[in-house]
Amino acid sequence: MEKFETLTGIAAPLDRPNVDTDQIIPKQFLKRIERTGFGKFLFYDWKYEDDGKTLNPEFELNSPQYSGATILVAGKNFGCGSSREHAPWALLDYGFRVIIAPSYADIFFNNCFQNGILPIVLPEDTVSTLLSKAKAQGYKLTVDLVNQTITDSEGLSIPFNVDPFRRNSLLKGLDDIGLSLQYEDEITAYESRRPSWKTGAAGGTAVA
Amino acid sequence: MGKTMFEKIWENHIVHEEAGSPTLLYIDLHLVHEVTSPQAFEGLRLTGRKVRRPDLTVATMDHNVPTTDRSLPVADPISRRQMEALSENCKEFGVTLYDINSRRQGIVHVIGPELGLTQPGMTIVCGDSHTSTHGAFGTLAFGIGTSEVEHVLATQCVPQTRPKTMEIRVNGKLGLGVTAKDVILAIIGKIGTAGATGYVVEYTGEVIRSLSMEGRMTICNMSIEAGARAGLIAPDETTFEYVKGRNFAPKGEDWEAAVREWRKLPSDADAVFDTLVELDGSAIAPHVSWGTSPGMVVPINGEVPGPDDFESEADKKAAVRALEYMGLTPHTRLADVPLDTVFIGSCTNGRIEDLRAAASILRGRKVKDNLRAMVVPGSGLVKMQAEKEGLDVIFKESGFEWREAGCSMCLGMNPDILQPEERCASTSNRNFEGRQGKGGRTHLVSPQMAAAAAIVGHLVDIREWEVE
Ligand code: SF4
């Protein structure tokens, strides 16, 4: 996983509540067996007209001023619905490293950290302010995970909280699996304590 | 102070715990399907890791399998490749797989319980948000992302931050024609789609106690639609009765030992939850969704709301968008909304009891002209059982298509999709924009309501309909 310390980039607004993962990456693109290449399908049904080719001029992110945006400012309960990690993969592949929203769905929030995306929670009125500021041409934010602040060139400065464990993993780009494997002895000890009747797929008859 | 059931299960599964870090929990059962697993297996290959406990891992294919003739090759080459990838991965890593040629194949949340893999007091994960379904057995079950699927494959553990606990108590008795589906839709309507975010919900009360396992699964299934990490229902005689004798359930002395443990699971009388929500079950009417989020529901005898019925700016805006997408005007009576399609199936309502309920309405009646009606059993075993009972004949004679098991039109990854503006009453769980096909309009309902709607061609209050 790529480290995250600080980032300055264009902030793009997506002022809608309850954006679900079906919207972030529609199901027809979940059939790929790779982790990469999902960016071009991000928000597909909003991005394109019904023909699937013509860009929808009304969709915020299609505006040229947001090309190259790396920070997404979004509405409450962002990422609700399906657990598909394809959603953060698509956001990341498109270029987003930071999301700012009043709240997130649980699984999505977690999936972001797994992929080096920083999801920041801010109060609803602060997010509203950022949503309107982001309408200005070329508006940029600097997100500093070391000092936990969001700043802009106009003197704005907003502190934010992030779980210390998550913060540390992001700053160092740590691999969660590697961390858990440090506890190999404890895992083995736990396994020896499990009741013998907890046999999973090994009990029963295997006949299909 | 006593403990909640959640606390008991959580504490039973702690492998490692330290302040400031997520807790490492042991996973008793890992269910795997074709869509969220290929990148996880690939990750194992890249790092040279193995599946730690293939014996605690079970895979099936459900999301993009065709539900038509299984003897034909899968027409969509990309779907086929994903299914082949799962077969190859399961072979390489020694994981049990029920593929499309197995009669045990089906929606992952239907087959776990019906094979007896799902048992009380366990921890169960799957790369799918509706893993919450298994909570109906008093088991801590939650959806995970693909990185975590890889994590569990490699370590049989998952790091988790401890969620808060919420009790949702449904008192009283349900009225005639009111089902578990209506109860959960009413709950989501009340607390909202983020109402339980960060919580594990335990459903309690007289209504919940009186539900069958199928009904309890319907409730827990949609916990995620209220944002919950998981949903739980305490195991009781109904639960034990259901599990007993199933293929992977403990047998003989093991069964006795297991039941003794399971009886200790229910929350203690003096246990304290972080939050309590109460509903009067006898006041719940059959529910139907009008908008594009599962919180946008109203009683069937109600009207489509307008933007002015909402307080916050964001909710007003969302209502405008939803009304436009759904092609509805405010204050339309729900029961007047005409339908093009009816879909019965999914991990919410694709079990045998759901099919029986729908068939009981359809018996001797015909689907409205020009309406497309489809029933997709939740699993191969559900299909076999239904055929044994002659339900397939009832469905077919009334004009329903009788399909093979899978997720099908619940999410339209296979060829079963809605066309733009096609309006569908569906027994599934999500009415998001485009969920059942781009531009498709979904109304979530119970199996009974779906069946009745198929006959009259519009949404209908099952309570009045039964009287007719
Ligand atoms: S039936 Fe629908 S909700 Fe359930 S697992 Fe399949 S796609 Fe997901």
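These legends go with close-up views of a predicted model. Residues are numbered from 1 along each chain as its sequence is written, while chains are lettered from A in the order in which they are written. In this predicted model, local features need pLDDT of at least 70, side-chain atom pairs count only at pLDDT 80 or more, and totals for chains, interfaces and linings use all residues; side-chain values use heavy atoms, without hydrogens and water.

**View 1. The largest cavity holds about 220 Å³ of space.** A cavity here is a set of points on a 1 Å grid over the protein atoms alone where a 1.4 Å probe fits but cannot get out, and lining residues have an atom within 4 Å of a point. The volume is the space filled by probe spheres set on the points, which are joined across faces, edges and corners. Look for B:His63, B:Asp128, B:His130, B:Leu411 and B:Arg435: of the 25 lining residues, they sit closest to the centre. Helix H4 (108-114) and helix H12 (346-349) of chain B each give two or more residues to this lining; helices are DSSP runs (H or I, at least four residues) numbered from the N terminus, and strands are runs of E with at least two. Sorted by class, the lining has nine nonpolar, 11 polar and five charged residues. Asp, Glu, Lys and Arg count as charged, and Gly goes with the polar ones.

**View 2. The second largest cavity has a volume of about 90 Å³.** Its lining is made of 14 residues, and those closest to the centre are A:Cys80, A:Gly81, A:Ala105, A:Asp106 and B:Ile224. Six of the lining residues are nonpolar, seven are polar and one is charged.

View 3. With contact meaning heavy atoms within 4.5 Å, chain B brings 83 residues and chain A brings 65.

**View 4. B:Arg52 and A:Glu184 form a salt bridge.** That takes a side-chain nitrogen of Lys or Arg within 4 Å of a carboxyl oxygen of Asp or Glu. Here the closest N and O atoms are 3.0 Å apart. B:Arg52 lies in the loop between helix H2 (38-47) and strand S4 (57-60) of chain B and A:Glu184 in helix H8 (residues 184-193) of chain A, so the pair joins two chains.

Definitions and conventions
On a 1 Å grid over the protein atoms alone, a cavity is a set of points where a 1.4 Å probe fits but cannot get out, and a pocket is an open set with protein on both sides within 12 Å along at least five of seven lines; lining residues have an atom within 4 Å of a point.
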